[in-house]
Amino acid sequence: MAAQQALNVCVLFDLLDSPWGGANQFLNSLVSEFRRRGHRVTSSPTRESQVVLLNAFLRGPGVHLHPGQIAQLRCTGEMNRLGRVIPSLAYRYRKRRGPVLVHRLDGVAELIRGRRTKADEVQPAVNQLTDHTIFQTDYCRTSFAEHSGVVPASWRVVKNAVDPRVFFPSPDPPRPDGRLKLVAVSWSSNPLKGFTILAEASRLPGVELTFVGNWCPEVNSANVKLAGVLPSEEVAEVMRSSHAMIHAAWNEPCANVIVEALACGLPVIYRDSGGNRELAQEYGVPLTENVSDVLDNLRQHYTDLREKVLLNMDTFLIKRAAEEYLSMFRFAVDGHGSRL
């Protein structure tokens, strides 16, 4: 079989090497995998760009996408300050010359943050201008349809994945026959991340809970060990020294930290909310009001759950996600010429 031709891809996101949320983590891994496979990847569109991947409502950490610029890119293949001035409607009847636009949707921001923000306007507006949509989970797809009226004609569900050079199982994992060592991770300090239940779990006898990230200042941390914000390599080390992850957040579309924990071989205690069940149902136990019973359930099934995680390791790795993204890119590019 002949080798597939390399693609010119723009991932329109200003990536950081330092920690900054799940999108930054995932896109860093995705770009590295694209380049490893021989594809040309830029962070800004060029004349050679065949496909541009847009991320949710952000151009980079703290920088929103501008629908006018995306309309300009769609029509002309360029993106500059004029796009911020000229209304999107001005491009409606002009001949299209721009690349394929693929939109990786995040969750509905209002559901995640508990309040409506600019993101709830930007994300649907950008999606209307794109050719194809990638949802991170089925929950992501249904929640956008129900709460934002986003029902794209062309879409796929592609779950997040991680870099196996960073996130991998321990060859000598700790045995859960003494204190149960749990890890929780969140870049955001939003109360909807479930800090109250983390503090509750830390008070239980025989439990040691380490939290990585930004703790919510409104919640007493009880017996939680606060590790602060750590680089990915150190997050993975904390995970490998733990028995399981506990993830108590509401309404998240596809928590990258769950996938990171699974790639480190950890079963997951998960809140049955958002896309958590889709990621963790086969590899963990759901949270209930009785946290003590939940932990007993985990201990009882721990060996079987960890074996399931290890048997399905390829599911969590960036190779799988990159193949699914590239498959959509090629499908989109192949059909794009006839529409120009």
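These legends describe close-up views of a predicted model. Local features need pLDDT of at least 70, side-chain atom pairs count only at pLDDT 80 or more, and totals for chains, interfaces and linings use all residues. Residues are numbered from 1 along each chain as its sequence is written, and side-chain values use heavy atoms, with hydrogens and water left out.

**View 1. The largest pocket and its lining.** The volume of the largest pocket is about 1,000 Å³. Its lining comprises 41 residues, and G21, G22, W187, S188 and K193 are the closest to its centre. A pocket is an open set of points on a 1 Å grid over the protein atoms alone, with protein on both sides within 12 Å along at least five of seven lines; lining residues have an atom within 4 Å of a point. Grid points are joined across faces, edges and corners, and a volume is the space filled by probe spheres set on the points. At least two lining residues each come from α1 (21–36), α3 (109–113), β9 (180–186), β10 (207–213), α7 (232–240) and α8 (256–263). Helix α1 gives the most, with 4 residues. Helices (H or I, at least four residues) and strands (E, at least two) are DSSP runs, numbered from the N terminus. By class, the pocket lining has 19 nonpolar, 15 polar and 7 charged residues. Ala, Val, Leu, Ile, Met, Phe, Trp, Tyr, Cys and Pro count as nonpolar; Asp, Glu, Lys and Arg count as charged; the others, Gly among them, count as polar.

**View 2. The largest cavity.** The whole structure holds 1 cavity of 30 Å³ or more. The largest cavity has a volume of about 60 Å³. Strand β9, helix α6 (195–202) and strand β12 (244–247) each give two or more residues to its lining. β9 gives the most, with 3 residues. Among the lining residues are K193, F195, F211 and H247. The cavity lining divides into 8 nonpolar, 2 polar and 1 charged residues. In a cavity, a 1.4 Å probe fits but cannot get out.

**View 3. Helix α8.** Helix α8 is largely enclosed by the rest of the structure, because 8 of its 8 residues are buried. Buried means under 20% relative accessible area, exposed over 50%, and partly exposed in between (1.4 Å probe, protein chains only). The buried residues include N256, E260 and A263. G265 follows α8, with a positive phi near 90°.

**View 4. Cysteines C10 and C75.** The structure has 0 disulfides, a disulfide being a pair of cysteine sulfur atoms within 2.5 Å. The closest cysteine sulfur to that of C10 is in C75, 17 Å away, too far for a bond. C10 is buried at 0% relative accessible area, and C75 is buried at 6%.

**View 5. Salt bridges within helices.** The structure has 17 salt bridges, each a side-chain nitrogen of Lys or Arg within 4 Å of a carboxyl oxygen of Asp or Glu. In α1, R36 and E33 lie 3 residues apart, about one turn of the helix. Their side chains meet at 2.7 Å, N to O. R36 is exposed at 58%, whereas E33 is buried at 8%. In α7, E237 and R240 are also 3 residues apart. Their closest N and O atoms are 3.0 Å apart. E237 is partly exposed at 48%; R240 is buried at 10%.
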